[in-house]
Amino acid sequence: MSANSDDQERPQSAVGPTPQGDPEFRPYHHPAAGWGAAKSVTRFLVREGALVDGPRAIMRMNHENTGFDCPGCAWPDDTKGLHLDICENGIKHVTWEMTRKRVGREFFAAHSVTELSGWSDYDLENQGRLTEPMVYDPGSDHYVPITWKDAFEVVGRALRGLDNPNQASFYTSGRLGNEATFLYQLMARELGTNNLPDCSNMCHEASGRALQAALGTGKGTVDLKDWESADALFILGVNAASNAPRMLTALAEAFHRGAQIVHVNPLVEAAATRTIVPHDFVDMAVLKTTRTSTLNLQPRIGGDMALLRGMAKAVLEQSVTDPKALDQEFIDRHTAGFQEYRTLCEATPWEEIENQSGLSRADILKAARVYGEADRSIISWCLGVSQHEHGVDTVREIVNLLLLRGNLGREGAGPSPVRGHSNVQGNRTCGIDHRPTDAFLDRLAEVCEIRPPREHGLDTVRTIEAMQRGDVKVFVGMGGNFALAAPDTPVTCAALRSCDLTVQVSTKLNRSHLVHGRQALILPCLGRTEKDHQRKGVQSTSVEDSMSMVHMSIGMKRPASPHLLSEPAIVAGMARAALPDSATPWEWYIEDYDRIRDTMAKALDGFEDFNRRVRLPLGFRIKQPARELVFLTPSGRAEFSNAVQPDVVPAPGTLALGTMRSHDQWNTTIYSDNDRYRGIKNLRTLVFMNRADMRERGIADLGPVDITSTAKDGSRRFLNGYLAIPYDIPRGCAAGYMPEMNVLCALGDYSTQSDQPLMKHVKVTIGPAVRGGGRSDGVPRHRGRTSRSRRR
């Protein structure tokens with residue numbers, strides 16, 4: 001549907017469950033985690049009927065090489081052998097997977113795709129686990145059973161029939177294990193394409209490109225032990241209590257040892273105040289809270305780079321009278337471009353830094369003082385930094401600041417991106433990359449005896465564009481919920497529908513199964529918690545956390561259905577059908593995953609002696625050359641960057657809107673319509689606003705509003721009838737939940753630096769609602785309220 005097309009009536013859909021009462025907003029003033037988390041988990045276990053399986057899983061989750069890795073966030077496992085290295089969202093995620101509810105052939109026989117399209121996304125996933133492969137029957141508008149053999153042949157026939165292998169695109173979310181990942185990219189490249197989009201294209205692509213350019217490595221250089229010894233921690237654009245809850249333990253320990261903790265975020269989240277760590281039983285018993293910050297700064301959306309430039313300017317100004325403010329020896333020996341960067345900082349007026357950051361000079365100097373007085377500093381960040389037009393420049397500014405004081409290559413110091421999903425970093429390490437290096441392809445060709453293509457493939461945004469044009473005819477999704485996770489929801493959905501074949505490898509029913517191509521397959525896979533039986537016995541898989549630790553994960557539970565296949569087995573089945581003459585021993589690999597790991601050890605840098613090292617306690621850490629002060633950059637040194645500071649101040653009358661998750665949510669999976677840490681109950685169609693901005697626009701507390709975004713090409717998108725929540729957020733800024741608000745981010749609004757959709761910097765206008773709601777266009781929204789979405 002074009003940007004100016006007429007509205008079309010479609011079935012109403014919704015993201016969250018049917019509201020259990022009227023919307024409520026009561027500011028949250030309690031500690032993060034603690035008894036609130038314990039109560040929430042207990043209620044969730046009761047609701048899901050998991051009072052036996054849930055506690056069993058808790059005792060096996062994140063245990064070194066004897067349990068399964070939490071399928072939630074990518075925060076590293078505790079290095080001290082903690083037996084309850086778990087969190088509220090991890091338990092919910094695992095319990096959601098272990099549900100006793102099932103979605104089998106009887107369910108699909110009773111409900112057509114048209115009917116299911118009108119269900120909420122919560123209700124779709126809440127039906128339970130998928131049990132057998134299904135194929136879409138256009139005659140009846142139902143999914144019907146299909147054998148695995150026939151399903152693989154459908155995929156193989158479609159791929160073999162393409163005029164060009166680049167007419168297929170192979171997407172993966174972050175949950176795919178390393179072994180399946182390696183086979184998946186091998187299949188795509190043996191087929192002849194580098195079309196390997198992934199969720200990193202929407203999340204941390206900017207981080208990888210920036211770190212690669214500055215340090216010669218696309219990853220952070222620190223590990224959890226560094227977090228345990230840093231004198232100062234700077235946390236930018238991270239909502240730790242919801243996105244990486246186990247970070248709360250590190251923050252509490254840092255505070256106890258006297259470290260300084262600076263949170264930088266437009267919203268002061270619960271994790272940036274205080275916590276009670278649930279596995280600290282004494283603190284839980286006496287309700288003893290621990291502060292998780294010593295300073296909170298609230299820049300405007302997109303103002304992080306100006307803050308960092310200001311901190312660097314302050315350090316450089318101090319060095320004029322105090323040479324120890326800089327680590328000049330480190331700069332001289334290990335960096336390039338310092339004098340140019342110094343000149344740039346000196347030429348940047350404080351007035352510009354204050355205006356662009358939205359912070360006062362005094363506040364910026366507070367942060368600079370913390371940094372200057374710390375011997376060892378870590379700077380950590382997440383999507384609040386990367387999902388911007390200038391995300392690459394901002395991450396490089398982080399590196400600039402670290403280099404000034406030699407905060408690299410030593411204990412307790414360095415850059416530390418917070419990856420969101422369990423194995424998203426491992427996916428990239430093991431070959432999911434639409435822009436592979438020649439060195440990687442050379443080694444893959446030698447070890448696997450294939451001829452991989454050399455031209456770059458399509459990322460997420462360009463895959464959607466290619467599907468729109470008809471240039472991509474087959475879309476395979478390994479996990480995730482692509483239809484909801486991607487930007488510009490109606491455009492993404494239309495693109496998927498234009499495919500000849502869509503294949504979704506999933507554990508539960510979701511929107512992407514209903515937004516499908518002319519042919520469509522649902523291929524159900526084992527969950528992370530389930531035993532993977534193959535010919536040589538129960539198999540384990542490996543994952544890589546956000547700090548480059550690789551460790552084993554082995555399921556504990558009987559599979560939800562005897563008809564489920566593992567992700568490696570599904571990849572191998574598709575590969576054999578698509579490449580019948582392949583010399584790759586696909587079936588042999590699946591008999592014993594050690595065989596896959598032996599091949600990976602030869603093909604991947606850092607995976608040497610893989611099978612032995614991954615079975616060590618806590619696994620092994622992939623070496624990062626930059627940590628050893630080896631920089632694989634053109635100069636052989638760490639590179640200062642000299643980016644011009646961007647203008648992020650909203651135009652008069654407009655606001656900068658950032659999308660985010662609620663607390664009771666994991667990616668596109670919604671557990672409830674509540675957001676405990678932000679004081680919200682029974683509501684998801686909302687927008688958080690500064691009270692002065694609301695007053696200026698005549699908007700009442702919880703008053704209905706219409707939201708209009710304007711894309712770079714001038715087209716507009718709408719969300720009508722949302723409720724405005726007054727919140728502690730800088731003027732000119734607003735925030736709301738994804739995936740509902742993804743409709744506001746135009747497909748063409750992506751960073752020219754990273755190609756990431758600008759999910760954290762959408763230009764919008766907001767005013768009182770002029771009508772009860774607009775027409776429906778199939779975009780997810782809250783059932784039972786007057787909100788609507790439409791796109792003209």
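Which backbone nitrogen does the side chain of Asp-459 reach? Point 2 takes this up.

1. Basis and overall picture. This is a predicted model, with residues numbered from 1 along each chain as its sequence is written. Local features need pLDDT of at least 70, side-chain atom pairs count only at pLDDT 80 or more, totals for chains, interfaces and linings use all residues, and side-chain values use heavy atoms, with hydrogens and water left out. The protein has 31 helices and 34 strands. Both are DSSP runs numbered from the N terminus: H or I over at least four residues for helices, E over at least two for strands. Of the 792 residues, 67% are buried (under 20% relative accessible area, with a 1.4 Å probe and protein chains only; exposed is over 50%, partly exposed in between). Take contacts between residues at least 6 apart in sequence: 79% of them join residues at least 24 apart. Contact here means heavy atoms within 4.5 Å.

2. Asp-459. The side chain of Asp-459 reaches the backbone nitrogen of Arg-462, at 2.9 Å. Asp-459 sits in the loop between α22 (438-448) and α23 (460-469). With a relative accessible area of 2%, Asp-459 is buried. Leaving aside neighbours within four places in sequence, Asp-459 is in contact with Pro-197, Asn-201, His-434 and Asp-755.

3. His-663. This residue is also in a loop, between β25 (655-660) and β26 (665-666). His-663 is buried, at a relative accessible area of 1%. The His-663 side chain makes a polar contact with the side chain of Ser-242, at 2.7 Å. A polar contact is a pair of N or O atoms within 3.5 Å; within protein, one must be able to donate a hydrogen and the other to accept it, and residues adjacent in sequence count only if both atoms are side-chain atoms. Neighbours within four places in sequence aside, the contacts of His-663 include Glu-88, Asn-89, Asp-675 and Arg-676.

4. Ile-331. Ile-331 belongs to helix α15 (residues 328-334). Is Ile-331 buried or exposed? Ile-331 is buried, with a relative accessible area of 3%. Gly-406 is 75 residues apart from Ile-331 along the chain, yet their C-alpha atoms are separated by 7.1 Å. Not counting residues up to four places away in sequence, Ile-331 touches Leu-326, Phe-338, Leu-403, Leu-404 and Arg-637.

5. Helix α8 against α29. α8 (residues 178-191) packs on α29 (residues 593-603) at an angle of about 65°, with axes 10 Å apart. Axes are lines fitted to C-alpha atoms, for helices over the stretch in contact, and angles run from 0 to 180 degrees between N-to-C directions. The pair is therefore roughly perpendicular (65 to 115 degrees; under 35 is roughly parallel, over 145 roughly antiparallel, the rest oblique). α8 supplies Asn-178, Glu-179, Phe-182 and Leu-183 to the contact, and α29 supplies Ile-596, Arg-597, Thr-599, Met-600 and Ala-603. By class, these are five nonpolar, two polar and two charged. Ala, Val, Leu, Ile, Met, Phe, Trp, Tyr, Cys and Pro count as nonpolar, Asp, Glu, Lys and Arg as charged, and the others, Gly among them, as polar.

6. Helix α8 against α27. α8 and α27 (residues 567-578) pack at about 15°, with axes 9 Å apart. That makes α8 roughly parallel to α27. From α8 come Ala-180, Leu-183, Tyr-184 and Met-187; from α27 come Glu-567, Pro-568, Val-571, Met-574 and Ala-575. The contact residues divide into eight nonpolar, no polar and one charged.
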